[in-house]
Amino acid sequence: MTKRILLTGGLGYIGSHTYVALVAAGYDVVILDNLSNSKRSVCDRLAQITGRDTTFVQADILDEPALAQLFSDYDFDAVIHFAGLKAVGESVEKPLEYMQVNVTGLVNILQAMQAASVNALVFSSSATVYDVSNTSPLREDMQTGFTNPYGYTKLTCEQILEQAVAANPSLKTGVLRYFNPAGADVSGLIGEDPNDIPNNLMPYISRVAIGEYEFLRVWGDDYDTPDGTGVRDYIHVSDLANGHVLSLNALLDRDESHLVNLGRGRGYSVMQVLNSYSRACGRELPYQVMPRRAGDIAEMYADVERAKQVLGFTVSRDLDDMCDSSWNWITTGAKDA
Ligand code: NAD
Ligand code: UD1
C-alpha cells in the first residue's frame, strides 16, 4: 500500500525539493506549512512538476489543536520535519523565538505523533552542530557544540530525539546533518529565493548575477585554504532531497534509526563557487575582498562514509550543476513565483 508522509515546512527550499523526490519514489505526501518563509504558489509549481495535485494544509507547528486535527484527518506512516527558523544572525537577535519554533515545534510534532502512534521521523539537522574545534572531514561521532542560538536549537533537538527514542523504542528517527544545500530543481520552477538580503553564499551570488547587487563581498582571503577563501561542502538540493527518501526507506522498511551527514564529502572555496557561477551566467562576476565574517571557520566538509554505508547515499550532481540550476531558477521560475 502507498505510504503517506507528513512534510512539515514542505513549501520551503529543501522541503519542496524533497516533495518532488518523495512523489517520484511513490509516496503520498501531505504538506504542512505556515507560509512564514514560503509562498502558496509553490503548491502549483509542485503540481506542475509532479503532474499530481498537491495536498497542502496551512497551519503552524506551534498550534497543537491544528496538529491533532491533522493527525486525525490523515493516517501517516512517517513525518519529515523541515519547518523551522534558520537564519543564524536573526537567531542571535531573537533567541527565544528560535527556541519556541525549533525546539517547542519539534516537541509538538513528537507529541502529536505519539498520540497517533506514528513512529518514524526524519529530522533536518545541520553541520552547525559540530564543535568548531573539529578538523574536517567531520565524522558523526565527533564533538558537538554551538556558537549561536540557531545551532543551540539544532543540537537541543538532536538531544530531545535521543531521549524520546530511549523512552519509546518503537520510535525510529533519521537525523540528517545537512552541509551546504545549493542549486535548484532542473525544471527551474522551484528554488531558493529569500525575502531578505541573503547571508548564504549561493543566493547572494545569484543576486549579483542578475544585477540586483553590484558585487560579492568575499569574507576573507587569508584563511589557510588553497586560495585563502572559506571552503564549504556544497551539496545539490536535489541530491539532498534523495537522501530523505533513503532515510525514510531505512526507517520504514528496515526499522532502523540513524544519524548521518548529508554532504558531497569535498569542499569548494568561495572563489571556486564564484568562478563556476560566472561560467553559468556567462560573465565574470565582480567581487571585493572584505575582512573575515565573525564566527566563520576556514573549512568545513563532511565525512560521507556513514551515509553511504547506512543509507547507500551518493550524489550525482557537482558544483557546475548547482550553479547552472540556480541560474536557470533565478532567471526563469523565481521571477513570477
Ligand atoms: P525554509 O525557510 O525555506 O523552509 C522552512 C519552511 O518551514 C518554510 O516554508 C516556512 O514557511 C515553514 N515554517 C517555518 N516556521 C513554521 C511554523 N512555525 N509552522 C509551520 N511551518 C513553518 O528553510 P530550508 O532551507 O528549506 O530549511 C529546512 C530545514 O532544514 C530547517 O529546519 C533548517 O534549519 C534546516 N537546515 C537548512 C539548511 C540550509 O542551508 N538551508 C542547512 C541545515 C539545516
Ligand atoms: C552558514 C551559517 C551556518 C549554517 C549554514 C547553512 C554563519 C556563521 N553560519 O554557514 O550556521 O548552518 O550557513 O545555512 O552564518 N561567504 C562570502 N560572502 C557572502 C556569503 C558567504 O564570502 O556574501 C562565504 C563565507 O565566509 C563562507 C562561505 O561563503 O566561507 C559559505 O557561507 P554560507 O553560505 O553563509 O555558509 P556557512 O558559512 O557554511
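Ligand 2 is surrounded by 17 residues, of which Leu201, Arg217, Arg232, Arg293 and Asp296 are the closest; a residue counts as near a molecule or strand if one of its heavy atoms lies within 4 Å of it. The model is predicted, and local features need pLDDT of at least 70, side-chain atom pairs count only at pLDDT 80 or more, and totals for chains, interfaces and linings use all residues. Residues are numbered from 1 along each chain as its sequence is written, chains are lettered from A and ligands numbered from 1 in the order in which they are written, and side-chain values use heavy atoms, with hydrogens and water left out.

**Ligand 2: contacts and cover**

- A polar contact is a pair of N or O atoms within 3.5 Å; within protein, one must be able to donate a hydrogen and the other to accept it, and residues adjacent in sequence count only if both atoms are side-chain atoms.
- Asn180 places a polar side-chain atom 2.9 Å from an oxygen atom of ligand 2.
- For the side chain of Asn200, an N or O atom is 3.0 Å from an oxygen atom of ligand 2.
- Leu201 contributes a polar backbone atom, 2.8 Å from an oxygen atom of ligand 2.
- The protein buries 86% of the 750 Å² that ligand 2 exposes when taken alone (Shrake-Rupley method, 1.4 Å probe; for residues, only the protein chains shown count as cover).
- Seven nonpolar, six polar and four charged residues make up the shell around ligand 2; Ala, Val, Leu, Ile, Met, Phe, Trp, Tyr, Cys and Pro count as nonpolar, Asp, Glu, Lys and Arg as charged, and the others, Gly among them, as polar.

**Strand 8**

- Strand 8 (residues 216–219) supplies four residues, the largest share of the shell around ligand 2; helices (H or I, at least four residues) and strands (E, at least two) are DSSP runs, numbered from the N terminus.
- Strand 8 pairs with strand 13 (residues 287–290) in the parallel sense over four bridges, where pairing requires that DSSP finds at least two bridges between two strands.
- Trp219 has Met290 of strand 13 as its bridge partner.

**Ligand 1**

- Around ligand 1 there are 27 residues, the closest being Asp33, Asn37, Ser38, Lys86 and Tyr150.
- A polar backbone atom of Asn34 is 3.2 Å from a nitrogen atom of ligand 1, and a backbone N or O atom of Ile61 lies 3.0 Å from a nitrogen atom of the ligand.
- Of the 820 Å² of accessible area that ligand 1 has on its own, the protein covers 95%.
- Strand 5 gives three residues, the largest share of the shell around ligand 1.
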